[in-house]
Protein chains: 2
Amino acid sequence: MEEFTQAPIAEELAKRQKSISVAEFFEKNRHILGFDSAPRALITTVKEAVDNSLDACEEAGYLPDILVQINRAENDYLTIIIEDNGPGIVKEQIPKVFAKLLYGSRFHALRQSRGQQGIGISAAVLYSQITSGKSTKIISRVDHKTPAHYFELMIDTSANEPSVLESRTTDWERPHGTRVEIEMAASYVKGRKQSVYEYLKSTAIINPHARIRLIEPDGNEILFDRATDVIPAQAEEVLPHPHGIELGTLMKMLQHTDRQKLAPFLRYSFSKIGLQTADEICEAAGLDTETDPRALTRTDAVKLLNAFKKTKIMAPSTNCLSPITEDLIYRGLKKEFSVDFIATSARKPAIHSGNPFVIEVGVAYGGNFPKEEKAQIMRFANRVPLLYQQGACAATHAIESIKWKQYGISQPGGGVPFGPFVILVHIASTNVPFTSESKDAIAGIDIIEEEIQLAVKEIGRKMKTYLGKQDDLKKRREKEVIITKLLPQMAKKVASMVGKDVPDIQPAVANIMGNLLVSRSADAGPDSQPNLHYVSLSVRNYGTAQRKFKLHQILPCEIKSPSPPPSLIVSVGVNYDYIWDVTLAAGASKVFRFAVDGMDDNEIQTMDEVIVEGLDEEDVTGAKALTELF
Amino acid sequence: MEEFTQAPIAEELAKRQKSISVAEFFEKNRHILGFDSAPRALITTVKEAVDNSLDACEEAGYLPDILVQINRAENDYLTIIIEDNGPGIVKEQIPKVFAKLLYGSRFHALRQSRGQQGIGISAAVLYSQITSGKSTKIISRVDHKTPAHYFELMIDTSANEPSVLESRTTDWERPHGTRVEIEMAASYVKGRKQSVYEYLKSTAIINPHARIRLIEPDGNEILFDRATDVIPAQAEEVLPHPHGIELGTLMKMLQHTDRQKLAPFLRYSFSKIGLQTADEICEAAGLDTETDPRALTRTDAVKLLNAFKKTKIMAPSTNCLSPITEDLIYRGLKKEFSVDFIATSARKPAIHSGNPFVIEVGVAYGGNFPKEEKAQIMRFANRVPLLYQQGACAATHAIESIKWKQYGISQPGGGVPFGPFVILVHIASTNVPFTSESKDAIAGIDIIEEEIQLAVKEIGRKMKTYLGKQDDLKKRREKEVIITKLLPQMAKKVASMVGKDVPDIQPAVANIMGNLLVSRSADAGPDSQPNLHYVSLSVRNYGTAQRKFKLHQILPCEIKSPSPPPSLIVSVGVNYDYIWDVTLAAGASKVFRFAVDGMDDNEIQTMDEVIVEGLDEEDVTGAKALTELF
């Protein structure tokens, strides 16, 4: 063997060691970013662009107006255009925002937002250039006084820096906003749960303030219009909460602070630490409030961390979060699915690694859902629907880990429960921990799985109560069916025999069943006012005990001279919900009268059914019953 | 409103835009790297370090000798020590290898290895400093002539660069190798599938050339010894295969090549393109072989890509891959589980995004596996066991998507099949596409899922054949039970009546059942040689047709003067498998004789049962039957 082969093997191996740019890394591992198949590449691109548009509009306080257009290009490629009316991006930032991975504005902020990582849209640019070899075209305009700017961009992957192919001003009709045009190997699919259409539909449900227009490759146009003009409360940026902070992180904060004394450091570096709490923490840690925080050792940091645990500190504030709210989840499920039963549940805020989060869940049961199949799971994180990797998600694991038999629900195979229902899970957090950069599944962090489990279990108990009643109800219904089928026939026969009109037998049914009877009548006003009607809602309690309930009448316009006036009026999108609190003794009855000016005869006849909230369905005749709305 | 608020919102938002270092990114998203819980943090750390050790030893051609030691430290932290006898790392490289994310030697190489991303071990260092605030201690030595070097390292996360706290030579007893000592918030769990013990056990099964010693926190020591001294064939580095290359990648290759003519560019940039194929491709693309590749346009690149598809190009070579082999999978399953039936299957190499890959699967059925539970799935990628994220893995999805009822196997809930079996899936590839940097689950790439599905389906068919026979077998067994229970009792009774020894009734059973009867006898040699025995294996065919089979006798030592000599001798770890090919006419018998020098009486009495390969269990009396070994 020759002399030089005697050099250590390590030296030979060392020659191959080198730095990998983050763009090269993702060029090779693009599936991590959600680009592992042609249909998914399209959805991921649309999702990243729309997330950015929604975030930007909310930050600027604009009602989002978004266009998503998919065109066929050569070689079976697709061109994807996403356009928004957001605040635009200043010219100097555009190349980095779109063509540099790990560049963004929301990474360091402790505040709920859809985008967090500064990867999303540049990942789409990267995938576009790998597959189509083309540059991405951007137009952005910051206000009507400034011309729009046009860019053509690619990513120099070995450096992870933008490569600018063209940069010039351009004409654009929008006064402000951003437009991305991107070509890639992708495919447009329809009629699947995992599709652009379904993604936008789910997005519209939980972002009712957004208007999204989709133009499909065949030119077909779909509008997801906004249901409200109210922009959700902007989540505020907060300081980290002392609970859940880790030793290394605390040491780093101590080392880099500008504060020269420990107590002010604590007050101004953490949320929920005031003057007094800061003193208490220092005392519990056995450290002087005047100590220079930058001089503290690792041992001191350990003491501080233990003092955080010993000292009573208020729970994290939630104004950095923007949950969907149980109300909107209820309405979303109700709007989307025609079902027999809806329940929702929301947990109090909790903390993972210093990040506050809130879990909200909902269930919609019955209707047309298949009875012998797995329940559907709808997952959302910071108002973004999660379409892929259901099996990898903490939400799924939490649902699977519940023993559903205790709630009377079957669970063959021990996984996702079976039955005619959908479970919705939403996590809102300043930092949603995803299993990968493609942001498809929530990571299996214990406290998060626990919180989801607790929320879903609460819903499980509600389902059990509901399903328990179904047995009694079934028997009652059989009785009712006989009565409601027999009585009308008898009534008809008797009427024809005695030569009279067929009587209304609903009161008789209610009487036999011991129910609450609701009836509504509407009389037209003078001919000169075809849109004026006088409506009366009558209720009579045929039961043997007092009944308390809320009477809802939803209408698209305001009512006049109500008697008695409603207890509450709620604006629901373009409608109003008029609500009367009613208490009715056994055998008693009441009438609620009002005038409606703004609906024609046809509209009056097809107006929403009266809803009785607070009574079971089997106890109400002539109206829709809902056990509890919220 | 004041004047200055009139500035575009975009300018306000631009101030927050900034670069994110990859270390900062993972500091915030450590769960992506597999650090989302205390038990998992430990397993991930051990896994990353052991993967590196195995890769380094194989690269250097050393038989791996690895120590994994877990000690309890203060504050419920754990200290993790991993030590190997690998080639070591040169001093200058140590800081970057351990304390810079995205730094490594295997990222750009098209060759199968465990580590690929240059993230793993630095991720553990990052997690260690976040949770324990301590530095990581490294010792490495490249050969006996050079002293070992000691480092204490942390990561400067804002720059993603190593921060060296200490660097000096040190004494170390190993002539070459590397030792990492790392402290972190972690927990050691036992008796779970997801544990250090199970990870090392699985690793040992498919890396039979490795010796791994585990010292648990309580001081308990476990040795996973090597079963073979043969280092697996080193996977070779290859050029990318033209199939599956993408347009953007091809354009990048054209742009950056040193070749000045197209044909040589093709020959030396791709595997499986020779002189003639290069010419054919150029012709199919309508491009001159002499063209400068760097001058080609995007349109030319599209033509080349289409020409790749039209031209006949050989399948990718597989010497860049190092599959486990069906043989080792069979032995691994057999060693690990005591079962009734084993089958294996391997696919031909396929390509995803230009990367060759091979799928190998195995199934072990029966034994003590629970009958009413989900089948176990064991997943491996490049010889590394995958313990987490089973629900997210392409292997699981492929198994779930199969209609198992067609193979007579139940599948309640439509997911993972139920029954007493384990399915092993291995993917070997130059680039295993994982769903995230924690490398727990194979991404759902269509061609990979298809290949897994096809391999598992082949196994499903084998299981169906096996299970089909079980019905017949069951009836035969009932008959056999009666015979084997009745005959001995009758024999006993008759023997005692006539005052003789109880006769051996196995031949009678074989006779009645029409079986192959196998019997073995061993006679001691002279007293002066207590370890010498003369063994004879007798076989008699009681059936009505000729039988062909292989007779196996596994022994821990060599045999002498065999008559007839075995057809094949296979070295199996420390044992030898002596195999005779036998063809036996109906009613015929044969005897195989040999001497064994090296086993005492006790060892002779407890030696391995004779195995008959190629006959069904119900057709053999007096030996173990295996339908097919491979």
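**The interface of chain A and chain B**

Trainee: How many salt bridges does the rule find across the interface of chain A and chain B?
Mentor: This is a predicted model, in which local features need pLDDT of at least 70 and side-chain atom pairs count only at pLDDT 80 or more, while totals for interfaces use all residues. Residues are numbered from 1 along each chain, chains are lettered from A, and side-chain values use heavy atoms. A salt bridge is a side-chain nitrogen of Lys or Arg within 4 Å of a carboxyl oxygen of Asp or Glu, and across this interface the number found is 6.

Trainee: Which residue forms a salt bridge with A:R30?
Mentor: The closest N and O atoms of this pair are 2.4 Å apart. The partner of A:R30 lies in chain B and is B:E246.

Trainee: What area is buried between chain A and chain B?
Mentor: Buried area is the accessible area (1.4 Å probe) that two parts lose on being put together, summed over both. Carbon and sulfur atoms give 54% of this area, whose total is about 7000 Å².

Trainee: Which strand of chain B is joined to β4(A)?
Mentor: Strands are DSSP runs of E, at least two residues long, numbered from the N terminus, and two strands pair if DSSP finds at least two bridges between them. Here there are 2 bridges, and the strands run antiparallel. A:Y103 stands opposite B:S19, and the strand joined to β4(A) is β1 (residues 18-19) of chain B.

How values were computed: Helices (H or I, at least four residues) and strands (E, at least two) are DSSP runs, numbered from the N terminus.
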